[in-house]
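Trainee: I am new to this structure and would like to go through it step by step. May I put some questions to you as we look at it?

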Amino acid sequence: REYESYREKAQVGLDAIKSNLLRKLVENKYEESEREIILENLIQNDISINDYMGVISCQTNNGKDIIYEEMLRNKFYESILHVQIDNEYVSITDLFISNESDIICLIISSKIPIDRNESIKIAETVKENLERFYIKFVSEICTISIGIGNFFKNIFKIHESYMQSKRALNLKFFLGLGKIAHINDYYNFKKIYSTENNSDTSDGFRLISIIADSITELECNCLKGNIYNCLNYIRMQTLELEQVYIKAIEMIMILNSMLFEKDISLNGVLMDSTHTEIQNIIFTGTFNDLLNYLNDTVISIVNYVARKTTDDECIISQAKKFIDAHYSENITLIDVSRFVSLSPTYFSYFFKQKTGHSFIKYLTSLRIEKAKELLRNPDSLVKEVAMNVGYNDIRHFSKTFKKIEGIIPSEFKYSGLVDE
């Protein structure tokens, strides 16, 4: 047993050395003078330097669950590294999670050349196993997008495969989440849009100017189409998500500047978080997600302009009436913001500024006050009271009630009966 224990520990150490070597190569974090030493270490760790090697990059909507929970991460590594590929010449050599972007990177080895079609089959197997893992250990159905780089016989070109896989993965933004894309698909997609691109910078300003005119004229009918034209213009300029983000922010800034010249200030409509929200959509969402977000934002601007002279208290009054009428339902900040025709981000800021309370604090206080009224009824049941004021989970209701009132609902009910 002692021998087996030492052997297991030694194997763990060797696996760590192997992983560090491969990650150095994948991320290109080595000096040219280290090449010979790296080759020797790879051979010593039973890594065939004559195999074809490529990288498959995967991204899920739950990537952080794996990264920050050590037990889950260990199970993940063990599950994926033992995936059986339906090709006797192919195997998963190693995997790591890129800290900078939550991308799961798999290093694939093959004794024979791997073309696009074969690499798609490998990626499909990986995708199926990732989906099964999430259902089994995370109890969630997740969307998995995959990018594939070319396979090279030269192990020092694995960094190139890694960069290609990340570019291919970027196509998820344009094609939709859950897709598998090879680097050849990326180049073909790029070729299509570069062929269509006969525009210059003035076209971008003209398209934004059309949106600015629609806002000042309070015209919403063609807004989404005009925003689509702006985004399509960006898509024709670049497929690199970092550049898409920069150009989308530039678009917002130019629109802001154009409206400012028309004596329209967007302070309070465009929040500090707008940049972050756009960035999150571009790197984790899709082209249509960004289109819908910008459309909602611009509509919020139109509504803002339309009621510039409207009394703020009128909006707060409408919001409170809506909350009072629906507090027993599963309402959200988005529901209320839609009712008063504000963007969720701005409504959250506006509501707190005018009432001194956040939306959730106001809703919670209202629910607890209503609960206290119901609990004073001798025939009331705590569970029914919880349901009647919008809480489906009685534990959450009791915890929230105690946090505000200092006692749990049953104690409050009992104390009320004693007082009577």
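Trainee: In which sense do β1 and β3 pair?

Mentor: In this predicted model, seven bridges link β1 with β3. The sense of the β1 and β3 pairing is antiparallel.

Trainee: Which residue of β4 does Q59 stand opposite?

Mentor: Strand β1 is also joined to β4, by five bridges, and the two run antiparallel. Within β4, which spans residues 144-148, the residue opposite Q59 is S145.

Trainee: How many bridges join β2 to β3?

Mentor: Strand β3 covers residues 103-110 and runs antiparallel to β2. In this pairing S98 stands opposite I103 in β3. The number of bridges joining β2 to β3 is eight.

Trainee: In what order do the five strands form the open sheet?

Mentor: The pairing in this open sheet is mixed. Its edge strands are β2 (90-98) and β5 (180-182), each of which pairs on one side only. From one strand to the next, the twist averages 20°. The order of the five strands is β2-β3-β1-β4-β5.

Trainee: How many residues of β1 are buried?

Mentor: Buried here means under 20% relative accessible area. Y52, G54, I56, C58 and T60 point one way from β1, while M53, V55, S57 and Q59 point the other way, and all are buried. Strand β1 is therefore described as mostly covered, on the cut-off of under 20%. The count of buried residues in β1 is nine of nine.

Trainee: At about what angle to β4 does helix α5 run?

Mentor: Helix α5, residues 116-138, lies across β1, β2, β3, β4 and β5. Helix α6, residues 158-175, also packs on the sheet and touches β1, β2, β3, β4 and β5, with its direction making about 30° with that of β1. For α5 and β4, the angle is about 150°.

Trainee: Is the crossing of α10 and α11 left-handed or right-handed?

Mentor: Two packed helices are described by the angle and the distance between their axes. The axes of α10 (residues 241-261) and α11 (residues 273-284) come within 10 Å and cross at roughly 145°. The crossing of α10 and α11 is right-handed.

Trainee: How many nonpolar residues has the contact of α10 with α11?

Mentor: On the α10 side, the contact includes L241, V244 and Y245. From α11, the contributors include H275, I278 and F283. By class, the contact has two polar residues and one charged residue, and its nonpolar residues number nine.

Terms used: Residues are numbered from 1 along each chain as its sequence is written. This is a predicted model: local features need pLDDT of at least 70, side-chain atom pairs count only at pLDDT 80 or more; totals for chains, interfaces and linings use all residues. Side-chain values use heavy atoms; hydrogens and water are left out. Two strands pair if DSSP finds at least two bridges between them. Helices (H or I, at least four residues) and strands (E, at least two) are DSSP runs, numbered from the N terminus. Axes are lines fitted to C-alpha atoms, for helices over the stretch in contact, and angles run from 0 to 180 degrees between N-to-C directions. Contact means heavy atoms within 4.5 Å. A crossing is left-handed if the near helix is turned anticlockwise from the far one by less than a right angle, and right-handed if clockwise. Ala, Val, Leu, Ile, Met, Phe, Trp, Tyr, Cys and Pro count as nonpolar, Asp, Glu, Lys and Arg as charged, and the others, Gly among them, as polar. Buried means under 20% relative accessible area, exposed over 50%, partly exposed in between (1.4 Å probe, protein chains only).
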